[in-house]
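Hi,

Here's the structure I promised to pass on. Have a look at it first, and then read my notes below.

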Amino acid sequence: MTVTTDCPKQYPATGISVLIVGAGVAGLMAALECRRNGHDVRVIERSPEQVITGDSFTIGPSAIHALDHWPQMVIENEKIANNPTISFHDLTGARATVPKHINYRQGQNSKNAPEQVHRHWRPQFHNMLLKQLSAIGINVEYGHRAVEYFEDDPAGRGGIVLENGDRMDADVIVVADGVGSHSTSVTMGREIQARPSGEALYRTAFPVEIAMADPVVRERFPIVEGNEGPIELWTGEKIRFIIARTADTMSWALSHNDYASATESWSHSADPDEVLKITATIPNWPEVADRLIRLTPRDRLLHFRVMWRDPQPSWVSPAGRIVQIGDAAHTYVPSSGNGATQGIEDAVSLATCLRMAGRTGEVPWALRVHNRLRFVRVSCLQKLGLINRKTYTRAPSKGNFTPKGIENLMAEWIWNHNPEEYAEENYNKVLDHLQLGTPFQDTNIPRGHIYRDWTIDEILCQQERGEEVELDGEWE
Ligand SMILES: Cc1cc2nc3c(=O)[nH]c(=O)nc-3n(C[C@H](O)[C@H](O)[C@H](O)COP(=O)(O)OP(=O)(O)OC[C@H]3O[C@@H](n4cnc5c(N)ncnc54)[C@H](O)[C@@H]3O)c2cc1C
């Protein structure tokens, strides 16, 4: 192993070249982990420069643990992670429950559960990954948009065509280009149809000083210190309003059902006046919330359309030279709380599988093994997101109310997973399973769960009939 200050333990070179398409969270983490595991890495990104829009997400313990190999990121993460408390309110802003930290749940035979949930501002987390990548000498190649994917089986290469017609190739193409990836035409043989979920979110994050300039807003949402991160969840039947803040950032999101003007894009901007038209229809909506909305910088407000896609079982191209990770492989609704976490787990798993394969000729099997190790787990979490979504639409009751949707995400099978160890332990078992048909039992899913394929329509129909979606095995 090579040892340097920026990447303490690097595995011997495998000679495998990896071209990553998309410098989002999954793509950057894949670049870091591929380098650590001994592969040659290039990263391209369609944007002309680093994008700084976005608000917050949860990075679960299974993904935070992956930072342990990167001492600088461990230090940086301590500074940027915040410890949220959550309180529930009705749509007048009246508080129904006291603020409390959300804790991961200890399983029956498990190690100690991590203390609390951590939230991150996406721009800060993304910047941390980017800085680390640059520190090990890999710079993202901006302004490169992939428009087509191809593979050359006899040559053992995968490739992309860029918007300007240039072609790039490598032993592996890692597609990390986020939601709505066109690469499904090579992995699934068709474009995946996304459907509106019926929900859209106005969402923003901006410097807290902008909000604190208004004394009424400052009094209702006072400055917090250190790593504190209070979140207020105001819930009504059709509308949810979420206010999250830390010492440096103020954020709010309004979820509603009129999605026509929203797009599934992280760069589409919206006008705060559109939001005020909605809040004007809510009985007894407080003026302080409108004041906060009015303070929002226009270029920081997104109107994000939440889309649905059925699980995509195949992330790998026929000749095994192209693989999808992150949102390109599996999109999540916000109530799954797992988009970034699973993208990071993918990155770690893929880099490990390529190391286990050890040479370019074995790359196709490494990608297929990775796909098999990961698919059932991410599909279970996609399903959980759909189930959780239902539990947020109720108005809060007084007292100690935590929606089932939040509790579901605290289960041990979710947090207590190490994708690197899992890939190391199971690589050869899955290889035999794929090549010889020997049985393989997933152990990164709820214990006792027997997986079967499912569709969004099937779950929606059950929910419309008022039936509980059956979750066999130990999901809690
Ligand atoms: C700017 C931005 C802000 C976001 N903010 C939030 C947020 O506030 N909360 C939240 O929960 N999630 C947010 N997300 C989504 C979240 O980052 C992902 O759900 C999760 O982290 C999985 O990451 P990913 O790398 O798969 O996708 P993403 O993080 O979406 O990254 C995909 C990357 O691929 C690039 N790309 C797309 N198409 C091409 C192409 N053809 N060629 C080259 N590059 C391409 C995109 O520009 C982007 O940088 C945001 C994503 C982006 C891009």
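Before anything else, a word on labels: helices (at least four residues) and strands (at least two) are runs assigned by DSSP, numbered from the N terminus. Also keep in mind that this is a predicted model.

Let's start with the ligand. It is surrounded by 30 residues, and the closest are G22, G24, G54, G178 and G326. Three elements, α1 (25-36), β3 (56-58) and α10 (339-357), each give at least two residues to that shell. By class, the shell has 12 nonpolar, 11 polar and 7 charged residues.

Two of those elements, α1 and α10, also pack against each other: their axes are 8 Å apart, at an angle of about 25°. Since angles under 35 degrees count as roughly parallel, α1 is therefore roughly parallel to α10. Their crossing is right-handed. If you want to find the contact on screen, look in α1 for residues including V25, A26 and M29, which face a set in α10 that includes A340, G343 and I344. The contact of α1 with α10 is made up of 12 nonpolar, 1 polar and 3 charged residues.

Now for a sheet. Strands in a sheet pair through backbone hydrogen bonds, either parallel or antiparallel. Here you'll find an open sheet of 3 strands in the order β7-β8-β9, with antiparallel pairing. At its edges are β7 (146-152) and β9 (167-170), each pairing on one side only. From one strand to the next, the twist averages 25°. β7 and β8 (residues 157-162) are joined over 6 bridges; for instance, A146 has L162 in β8 as its bridge partner.

Cheers

Conventions:
Residues are numbered from 1 along each chain as its sequence is written. This is a predicted model: local features need pLDDT of at least 70, side-chain atom pairs count only at pLDDT 80 or more; totals for chains, interfaces and linings use all residues. Two strands pair if DSSP finds at least two bridges between them. Axes are lines fitted to C-alpha atoms, for helices over the stretch in contact, and angles run from 0 to 180 degrees between N-to-C directions. A residue is near a molecule or strand if its C-beta atom, placed from the backbone, lies within 6 Å of it. Ala, Val, Leu, Ile, Met, Phe, Trp, Tyr, Cys and Pro count as nonpolar, Asp, Glu, Lys and Arg as charged, and the others, Gly among them, as polar. Angles under 35 degrees count as roughly parallel, over 145 as roughly antiparallel, 65 to 115 as roughly perpendicular and the rest as oblique. A crossing is left-handed if the near helix is turned anticlockwise from the far one by less than a right angle, and right-handed if clockwise. Two residues are in contact if their C-beta atoms, placed from the backbone, lie within 7 Å.
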